[in-house]
Amino acid sequence: MLKLNQVSARYNILTGYVKAVDKVDFEVRRNEIFGIAGESGCGKSTLLKVMYDLIDYPLEISSGSVEVHTTGKKGEPVVYRNGEIHKSWWKDISYVPQGAMHVMNPVTRVKHQFFDTISKFHGVKDKRTLEHEIVAYLKELDLPPDVLKAYPHQLSGGMRQRVLIALATFLHPSIVLADEPTTALDVVVQRGILTMLSQVQRKLQNSMVIVSHDMGVHYQITNRMGIMYAGQLIEVGPTEQIFHAPQHPYTKMLIHALPKIGDNSQKEGIPGTPPSLKNPPSGCRFAARCPHATDVCRIVEPERVTVGEGHDASCHLLL
Ligand SMILES: Nc1ncnc2c1ncn2[C@@H]1O[C@H](COP(=O)(O)OP(=O)(O)OP(=O)(O)O)[C@@H](O)[C@H]1O
């Protein structure tokens, strides 16, 4: 289980800070796929880095905490907090970053990338035994063992993404984080990647977090999801509820902008642009684009309201 307690994170820039994540609070339960959606620049990738504790200058956590709850060798409960989550990388929590080509070493065969990563984080094993285990795992995931002999550039984009997912899940971590796992892939390949992620999650019965700007991805594979706007989590709930009974005006506009079979009406984007994260406005950050905004929205930050079972949203209209 992964728990975020009112976490804020920011980038140091010459003229101040970019407050990319603001007081985000939710948990990812065992045995579920949790989605994080929102427009480009709203802080999704930064939030994933915060969850993985991949905090390097200029990024810093300014307040709040992240907890990874897992079990030790004898089945005892163990909690890693931000600052120490790296001790549980690959074994308990793993991360599939955006852009499979850039994260793989271009001059190293896939096999050595598996060996290097696994031995670094899990102690060295007899190489032949390890190779047998890797081949068996690839076969389980319907990947040809020949990929091990390839250099990353010799694989298609979809195959590289599958290899990364296999690498990230080889040690059966209880939490897997994936950043835009289907972006820049064609529709058929995207479907294959989503099927693979669902299969792996069902097999490991673990927690998976998928960041995607594509609401279709969330509809297809997530159980619960959170909507981010300008660094804040403005709605969280079961995916079905988010799609069928969205509560925040921003979520409603996101859902209404989606094409539907049999509906030929003209779809419009959400007018306006998100606010700067350097100087975010007071009150509700969506107020300037919200058709229902009143004076209070522009002055007072809305509190989180429970609107259904496990379904919360932050909007003055709901109070
Ligand atoms: N290294 C950095 N230094 C300063 N600001 C940054 C840095 N990286 C990201 N940001 C800013 O932080 C904010 C959140 O960015 P982030 O990449 O997390 O958003 P995102 O929702 O994942 O967007 P995208 O889908 O385009 O990747 C943006 O305003 C972005 O410009």
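This is a predicted model: local features need pLDDT of at least 70, side-chain atom pairs count only at pLDDT 80 or more; totals for chains, interfaces and linings use all residues.
Trainee: What makes helix 5 roughly parallel to helix 6?

Mentor: The crossing angle. The axes of helix 5 (residues 157-169) and helix 6 (residues 187-204) cross at roughly 10 degrees. Angles under 35 degrees count as roughly parallel, so helix 5 is roughly parallel to helix 6. The two axes also come within 10 Å.

Trainee: Which residues make the contact?

Mentor: Helix 5 contributes G158, Q161, R162, I165 and T169. From helix 6 come V189, G192, I193, M196, L197, V200 and L204. By class, that contact has seven nonpolar, four polar and one charged residues.

Trainee: Why is strand 8 called mostly covered?

Mentor: Look at the burial. Strand 8 spans residues 207-211, and five of its five residues are buried. A residue is buried if 20 or more other C-beta atoms lie within 10 Å of its own.

Trainee: How do you know that both faces of strand 8 are covered?

Mentor: In a regular strand the side chains alternate between the two faces of the sheet. On one side of strand 8 sit S207, V209 and V211, and on the other M208 and I210; all are buried.

Trainee: Which strands pair with strand 8, and in what sense?

Mentor: Strand 3 (residues 32-37) runs parallel to strand 8 and is joined to it by five bridges. There, I36 stands opposite V211. Strand 7 (residues 175-179) also pairs with strand 8 in the parallel sense, over five bridges. Here A178 stands opposite I210. At least two bridges are needed for a pair, and five bridges join strand 7 to strand 8.

Trainee: What is the hand of the β-α-β crossover from strand 7 to strand 8?

Mentor: Right-handed, with the chain passing through helix 6 on the way.

Trainee: What makes strand 2 and strand 5 stand at the edges of their sheet?

Mentor: Start with the order. Four strands form an open sheet, 2-1-4-5, with antiparallel pairing. Strand 2 (16-28) and strand 5 (77-81) each have a single partner strand, so one side of each is left without a neighbour in the sheet. From one strand to the next, the twist averages 20 degrees.

Trainee: How many bridges join strand 1 to strand 4?

Mentor: Eight, between strand 1 (residues 2-13) and strand 4 (residues 59-71), which run antiparallel.

Trainee: Why is K23 called partly exposed, but D53 buried?

Mentor: Count C-beta neighbours inside 10 Å. K23 has 17 and counts as partly exposed. D53 has 21 and counts as buried. The cut-off for buried is 20 or more, so 17 leaves K23 partly exposed and 21 makes D53 buried.

Trainee: How do you know that the peptide bond from Y57 to P58 is cis?

Mentor: Omega is near 10 degrees. P58 sits in the loop between helix 1 (44-52) and strand 4.

Trainee: Which residues of helix 9 are buried, and what do they pack against?

Mentor: In helix 9 (residues 249-256), they are P249, Y250, T251 and L254. These pack against helix 7 (215-221), strand 9 (224-229), strand 10 (232-238) and helix 8 (239-244).

Terms used
Residues are numbered from 1 along each chain as its sequence is written. Axes are lines fitted to C-alpha atoms, for helices over the stretch in contact, and angles run from 0 to 180 degrees between N-to-C directions. Helices (H or I, at least four residues) and strands (E, at least two) are DSSP runs, numbered from the N terminus. Angles under 35 degrees count as roughly parallel, over 145 as roughly antiparallel, 65 to 115 as roughly perpendicular and the rest as oblique. Two residues are in contact if their C-beta atoms, placed from the backbone, lie within 7 Å. Ala, Val, Leu, Ile, Met, Phe, Trp, Tyr, Cys and Pro count as nonpolar, Asp, Glu, Lys and Arg as charged, and the others, Gly among them, as polar. A residue is buried if 20 or more other C-beta atoms lie within 10 Å of its own, exposed if 12 or fewer, and partly exposed in between; C-beta atoms are placed from the backbone. A crossover is right-handed if, with the strands pointing away from the viewer, the path from the first strand over the helix to the second runs clockwise.
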